[in-house]
Every structure is written in structure tokens, then in C-alpha cells.
Amino acid sequence: MTATSPVDSEAGPSSKREERKVLAGTLVGTTIEWYDFFIFAQLTATLLSPLFLAPLNESNPGLAQILSFALIGISFLFRPLGAIVAGHLGDRLGRKAMLVFTLIMMGAATALIGMLPTYGQIGAWAPILLILLRVLQGFSAGGEWGGAALMAVEHAPKSKRGLFGAYPQIGVPVGMILATGLLFFLTSGMPKEDFAAWGWRVPFLLSIVLIVVGYVIRRAVGESPVFKEMAARKEESKAPLGELIRSHKKAVLYSTMIFIGNNAAGYLLIAFFIAYATRTLKMPTPQILLATTLASFGWLIFTLVGGWLSDRIGRVKTFLTGYAIIFAWMIPMFALIDTKNIWLYGVALFVLTVGLGLSYGPMSAMYAEMFPANVRYSGISIGYAFGAILGGAFAATIAESLLQSTKWTGSIGIYIMILCVISGIGVILAKETRGRPLGVSRH
């Protein structure tokens with residue numbers, strides 16, 4: 001027979017003031033992390049191949065674009081390593097320390113990208129150094145999300161875990177709004193030659209300011225009450241990674257499957273659509289960036305709705321609703337985009353964000369409820385990281401390859417639809433988790 005700690009009470013462990021600090025800390029941190037990530041992804045779609053892959057871009061622009069998208073995917077390959085290291089230390093040393101560490105690492109890597117010489121200045125060393133900094137970004141991102149999700153969910157009242165857990169999730173669309181909005185103003189406000197020469201560096205360098213703000217806010221957040229309880233019973237968290245591998249393989253598999261479809265569809269919005277609209281359809285870059293920024297507000301709103309709704313009708317029903325919308329919208333979405341009408345392009349992206357939000361908002365809460373406290377950071381971080389590799393890591397690369405081989409955008413839609421089915425199966429196998437206790441079990 002087991003009993004759970006006070007952290008599972010309906011009222012929750014935190015004062016309203018502490019709750020606001022936690023929500024602000026998780027939101028600001030993930031926003032900054034994903035701003036850094038999206039700046040790179042969106043500039044990859046429009047500019048980085050001629051700067052860092054100049055000879056190939058001149059001889060074979062299509063292949064150069066595919067390899068540019070692959071640079072996005074490379075960082076994902078190192079997310080599991082970041083998830084393993086940060087998850088293991090987060091389960092042993094605390095959620096808060098890992099949040100601060102990953103934030104600083106991501107910010108440093110991003111700022112250094114803004115200082116990199118181009119291929120024209122140092123030759124092949126330019127893409128090599130860029131790849132190394134992308135590895136650091138991937139390592140950081142692998143440990144970031146799990147810590148932010150747990151800080152939010154483990155501080156939450158039981159009846160609001162989905163809503164609280166949606167706050168680190170909306171850091172993704174907020175980061176995208178900042179990244180895309182800034183690129184819109186820069187590309188609209190300066191000549192193309194100046195932006196290509198030096199203006200592209202500005203968004204990367206500005207991350208230094210954001211990192212300082214995020215560091216100050218995160219330092220003020222208290223440690224998770226669940227980890228505080230674990231710290232009082234150290235024998236239960238000596239080897240979280242080993243126990244995860246031995247006893248919770250199914251939960252890791254299901255959490256990986258759950259994320260694949262959402263992450264792949266999300267990276268079409270983040271990177272592929274911008275490249276396709278500007279390079280293939282020849283639509284104006286500022287208009288495309290503005291439409292993407294506006295669509296990101298839909299992603300933000302429906303992610304919060306998804307978290308809130310999962311507290312009302314359950315995690316499984318909310319996830320499946322979101323995936324059903326993405327599945328059904330894929331073919332009509334590409335038909336609207338191919339009209340080259342900016343208004344229909346905006347509608348296509350906005351409707352997609354409804355499904356993205358509903359299948360992303362409940363994730364923090366559901367993942368936290370799938371794992372026991374002493375392996376939770378490791379479990380959710382590793383599941384999330386592998387889901388990102390199989391989902392979004394090479395989604396833009398695969399989409400570009402499908403487009404060039406089939407000459408039909410519907411083939412990309414079918415690819416995403418298959419991934420949505422896989423994620424839906426993962427949700428069903430994981431079963432409903434709403435209301436499961438989060439505290440340390442007492443045997």
C-alpha cells in the first residue's frame with residue numbers, strides 16, 4: 001500500500017506568488033531557448049546556405065537547401081545526450097540547477113553563431129564551426145524542456161496541471177513570434193544587401209540580452225516541491241537513468257511516439273513553409289514572415305487551450321482531437337498554400353496551429369504523470385528528445401526531398417499524416433494519466 005506526499009493535494013504546494021514566479025520562469029526560459037533555435041531555423045530557410053555553403057549553393061541550390069535543413073536536424077541528434085545528462089543530474093541535483101545551466105549554454109552557442117565568419121572569409125571552417133555550435137544548441141535543448149515542464153507541473157495544483165504545464169509549451173510559439181517578428185522588421189527595414197552582409201547577425205547577438213533577463217528570473221524560482229521531498233529520501237534517486245532503462249522502457253517508447261507527429265508538423269511551420277513560399281512560390285519574404293508571426297499567435301492560444309482542456313476532458317481526448325485536426329488539414333492546407341495568395345497562406349497556417357496547440361499543450365502534464373518522481377526528469381527528457389529526432393529533426397529535409405522527387409506537395413501531407421497516426425497510437429497505448437499522483441511513493 002502506498003501513500004503520496006502533500007504535493008499531490010488538490011490545493012497544490014505553492015503560494016500564488018510562488019506560482020507566478022514559477023510560470024514566469026518556465027515561460028521566459030523556454031521562450032529564450034526557442035527564440036534562439038528558431039532564429040537559426042528561419043535563417044536556414046532564407047539565407048544561411050549562400051553564407052556557409054557558398055560553392056554548393058552556386059552549383060546546386062536545391063542540394064544546398066536540403067543540406068541547410070539538415071543543419072537543423074544535426075542538433076536534434078545530440079538532444080538525447082543533453083536529455084540523458086541533464087535528466088540524470090536533474091533527478092539527482094535538482095530541476096532548478098539544470099534550467100539555469102541549459103539556458104546559459106543555449107545563449108552562448110547562439111551568440112557565437114552571430115559572430116561566426118562566413119565561407120567567404122574562412123572557407124570550410126565556417127560550416128564546421130557552425131555544426132559544432134548547433135551541437136551545443138541541441139545538447140542544451142535536450143535538457144531544457146524536461147526541467148521547465150517539471151518545474152511547472154510539480155508546482156501545480158492537481159486540477160490545473162495541464163494549464164500550468166502549458167506555460168513552458170507556449171514558450172515555443174512565443175519564441176517563434178519574437179524570432180519571426182524580428183526578422184520581419186529587419187528584412188523590411190534594411191536593404192537586402194545589408195541584411196545579407198551583417199544584418200542577419202543581429203538576432204543572434206540580441207540573445208545575450210535575453211539570456212541575462214532569463215537568468216535573473218530563473219534564479220528567483222524555488223526548487224520543485226517534489227524534488228525537495230526526494231532530497232529528503234536520497235536512497236530513492238541514486239541511479240535514475242539505470243532504473244529508467246530497467247523499469248520504464250514502455251513509458252519512454254510511448255512518450256517518444258506521442259511527440260513525433262506534432263514535432264514534424266511544427267517544423268514545417270517553423271522552417272519548411274518559409275523556404276517553400278519564398279524560394280519555390282516566389283512570394284515576398286516580409287509577407288511570409290508576417291503571416292508566420294500571426295499564425296504563431298494561434299499556436300500560443302491553442303496551446304493554452306490544449307493544456308486547460310486536458311484538465312477538463314483528459315489528456316488522451318485532447319491529444320487525439322489535436323492530431324485528428326492536423327491529419328484532416330494536411331491536404332487542404334497545401335492546396336491553399338499553392339494558390340500563392342498570402343491571405344489563403346495565412347489561413348492555411350493558422351488552422352494548422354489549432355491542431356498543433358491541442359496536441360502540444362497537454363504534453364508537460366501527461367509526460368510528468370507517466371513517470372515516477374525519481375526518474376521523471378530523465379524519462380520525459382529522453383522521450384521528448386527521441387520524439388524530436390524521429391519527428392522534427394529532419395522533417396524539413398524530408399519535405400524538401402519529397403517535393404523535389406514528386407513535384408507534389410500532397411506527398412508531404414501524406415508523410416505528416418502517417419506520423420500523426422503513429423502519435424495517436426502512442427497516446428492510446430499510454431492511456432489516460434490525468435490525476436495520477438506526482439509525489440514520492442512511500443512503501
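1. The protein is built from 21 helices and zero strands. Helices (H or I, at least four residues) and strands (E, at least two) are taken as DSSP runs and numbered from the N terminus. The model is predicted: local features need pLDDT of at least 70, side-chain atom pairs count only at pLDDT 80 or more, and totals for chains, interfaces and linings use all residues. Residues are numbered from 1 along each chain as its sequence is written, and side-chain values use heavy atoms, with hydrogens and water left out.

2. Of the 443 residues in the protein, 61% are buried; buried means under 20% relative accessible area, exposed over 50%, and partly exposed in between (1.4 Å probe, protein chains only). The protein exposes about 16100 Å², and carbon and sulfur atoms supply 71% of that area. Accessible areas come from the Shrake-Rupley method with a 1.4 Å probe; for residues, only the protein chains shown count as cover. Among contacts (heavy atoms within 4.5 Å) with a separation of 6 or more, 88% involve residues 24 or more positions apart.

3. The largest nonpolar core has 112 residues, of which Phe272 and Phe273 touch the most other members. Helix α14 (residues 249-280) provides the largest share of this core, 20 residues. Such a core is a set of buried Ala, Val, Leu, Ile, Met, Phe, Trp, Tyr and Cys residues joined through side-chain atoms within 4.5 Å. Leaving aside its neighbours within four places in sequence, Phe272 is in contact with residues including Phe69, Phe334, Leu403 and Ile412.

4. A search of the whole structure finds four salt bridges, each defined as a side-chain nitrogen of Lys or Arg within 4 Å of a carboxyl oxygen of Asp or Glu. One of them joins the side chains of Glu154 and Arg376, at 2.9 Å from N to O. Because Glu154 lies in helix α8 (residues 125-155) and Arg376 in helix α19 (residues 376-393), this pair ties together parts that are 222 residues apart in sequence. Glu154 is buried, at a relative accessible area of 1%, and Arg376 is buried with a value of 1%.

5. Which residues are linked in a network of salt bridges? They are Arg161, Asp311, Arg315 and Glu369. The side chains of Arg161 and Glu369 meet at 3.0 Å, N to O. This pair links distant parts of the chain, with Arg161 in helix α9 (residues 161-189) and Glu369 in helix α18 (residues 363-370), 208 residues apart. Glu369 also forms a salt bridge with Arg315, the closest N and O atoms being 2.8 Å apart. Since Arg315 belongs to helix α16 (residues 315-337) and Glu369 to helix α18, the pair ties together parts 54 residues apart in sequence. Glu369 counts as buried at 4% relative accessibility, as does Arg315 at 0%.

6. Rings of Phe, Tyr and Trp (its six-membered ring) pair if their centres lie within 6.5 Å; planes under 30 degrees apart count as stacked, over 60 as edge-to-face and the rest as tilted. The rings of Phe52 and Trp200 have centres 5.9 Å apart and planes at 85°, so the pair is edge-to-face. Both Phe52 and Trp200 are buried. Trp299 and Tyr360 form a tilted pair, 6.5 Å centre to centre with 55° between the planes. Ring pairs link Phe259, Trp299, Tyr360 and Tyr384 into a cluster.

7. Thr118 is located in the loop between α6 (95-113) and α7 (119-122). Is Thr118 buried or exposed? Thr118 is buried, with a relative accessible area of 13%. Leaving aside neighbours within four places in sequence, Thr118 is in contact with Leu51, Phe52, Gly123, Ala126, Trp200 and Arg201.

8. On the surface, Ile104, Leu112, Met115, Leu205, Ile208, Val212, Tyr215 and Val216 form a nonpolar patch with about 700 Å² of accessible area together. The elements giving two or more residues to this patch are α6 and α11 (201-219), and α11 gives the most, with five residues. Patches are made of residues with over 30% relative accessible area and no salt bridge: like charges are joined within 9 Å, nonpolar side chains (Val, Leu, Ile, Met, Phe, Trp, Tyr) within 5 Å. Val216, in helix α11, counts as exposed at 54% relative accessibility.
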